[in-house]
Amino acid sequence: MRLLKIGRDAQCDIVINSPNVSSLHAEITLMNSGDITIEDKNSRNGTYVMNQRIASGKPVNIRRGDMVKFADVELQWSQVPMPEDNSAYRAIYGIGSNFNNDIQISGNTVSRYHATLKEGKDGKMYIIDHSKNGTTVDGMKIPSNTPIRIKRKSVIVCGGVPVDLSRYFKTSPIKPILAVAASVLLLVGIGLGVWKLIDGRGNKTYIFSDEQLYNRFNNSVVMLTGIFHYEVSIGDVDVDKWNKMLFAKGRQYRLNLSSLFIPKKLLWANGPLDVSTYSTRQLIDAFDKKGTYGGTGFFISEDGKLLTNLHVVKPWMFDENVEIVKSMQNYYAEKVAQAVELINAKEGISSLSAYVSKVKVDGVLDYIALVPEGEVFDADNITKCRVLSAGEDTDIDIALIQTISKRLPTPKSTYVNVKDSMDVSDEALTIGRHMYTLGFPMLTGLQDSRSDGIHLLARGGSITQILNEYSFGFDAAAFGGASGSPVFNDKGMLIGILNAGATRSQGFNYGIKAKYVKNLLESPYKK
């Protein structure tokens, strides 16, 4: 497979110098089968196929020679590479981060259609790179779009990510024979209805492949992004008024107390910002769209309700943020104690001492919004949400939110029908049982999504342990940002929500059991 970017930007594969064409206007994908698809990338003036404007974000099949226009500029088919002659090859495998690939790999530096593995009719294997960040074979970077022969022991690295291709090499003639035999048995099994299973209630159920699970749920999952601040309070004291009082008396007591209390405090690289008067737009601009934290959520209803993790909507209750809260609270309590001690000595007002124990630091969510699969993150291209239900128990790491509009964000958005597609039984979490999850990891900064859009990462694996009353473990790879991803079994049933993992060692990831989702939906936490 090969991806061609079309637009005004000089980095595009097909550059169109027209003010009516967007920087990244559209993408054309050349499939190994010879099929061609085109997708509009949310362009300002649209993409047209046979004079019909196509929907943004939805791939459309086209044929070579079709009239395609980007705004008012017609595609020159001479700029689109002709289909390769693959008659000399027995098998072809796509490698990349997109789910359409036969060999799916993940990483910030991996292209959606990174490379192609081809098996010649003589059994020899070749790799062809067509990526942005390159492919190396045994430590040497290979030229783009050129078949390079590889061996079973060759070390292949795509965009910095090692890829094990050894299983695609044939070792003996017996394997094809066994494969044919297995195929015959598979066909017989399908004919006899082997893929239909009988559950404990005598109902027929079906086993889904990972590809089927992806196609079933990919438009239900969205990326979440949010901003929060720390808010300082001192019991029933009006902090602004007390600040003024302390400032007025500061010279008398030889104290510099003008900035003792920052009511709303945003921690940032250059120090704390007072965001007491900031609007949402100002908060986003302060972060420059890079400092927002990210997570994943998935729709469960037509009116825009989503499930995610508690730590996505209340991050100040988890991990290093807990220590930040404690540190800030101790800092302000100490400053209040110092100020009170001096004021008491001068004024004889002992009642102020009670306020030392009333110093409190809370986290406050300013903003949480979603971005659907394939969309570009921008302050004007997001769907804002509100928190419906979020508890205080960090063991039950789930929360319910909803779009402000109470609607799904796009016409292609779907939702997981948890009423009929959720399994809360212990049997659903049997060790060794296949599981599948899909979310938006490794999007801690959103710079890359401004031109290319955000894209799901889907992984299958097995349940590996029952960690405790609340959590279970699995070995499908997951990274930061995937928090809140749905976890399904091979029957397409929701069995949990991904919430944690070992950052340095993949294969140790965890989810909250689905029964706590059921409890939350049946008995929402009161605000």
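**Exercise 1.** Determine whether Cys385 is buried or exposed, and how many disulfides the structure holds.

*Solution.* Cys385 has a relative accessibility of 9%, so Cys385 counts as buried, where buried means under 20% relative accessible area, exposed over 50% and partly exposed in between, with a 1.4 Å probe and protein chains only. Cys12, at 10% relative accessibility, likewise counts as buried. For the second part, a disulfide is taken as a pair of cysteine sulfur atoms within 2.5 Å, and by this rule the count comes to 0 disulfides.

The model is a predicted one, in which local features need pLDDT of at least 70 and side-chain atom pairs count only at pLDDT 80 or more, while totals for chains, interfaces and linings use all residues. Residues are numbered from 1 along each chain as its sequence is written, and side-chain values use heavy atoms, with hydrogens and water left out.

**Exercise 2.** Classify the ring pair of Phe472 and Phe474.

*Solution.* Rings of Phe, Tyr and Trp (its six-membered ring) pair if their centres lie within 6.5 Å, and planes under 30 degrees apart count as stacked, over 60 as edge-to-face and the rest as tilted. The structure holds 6 aromatic pairs; among them, Phe472 and Phe474 have ring centres 6.1 Å apart and planes at 45 degrees, so this pair is tilted. Phe472 is buried at 0% relative accessibility, and Phe474 is buried with a relative accessible area of 0%.
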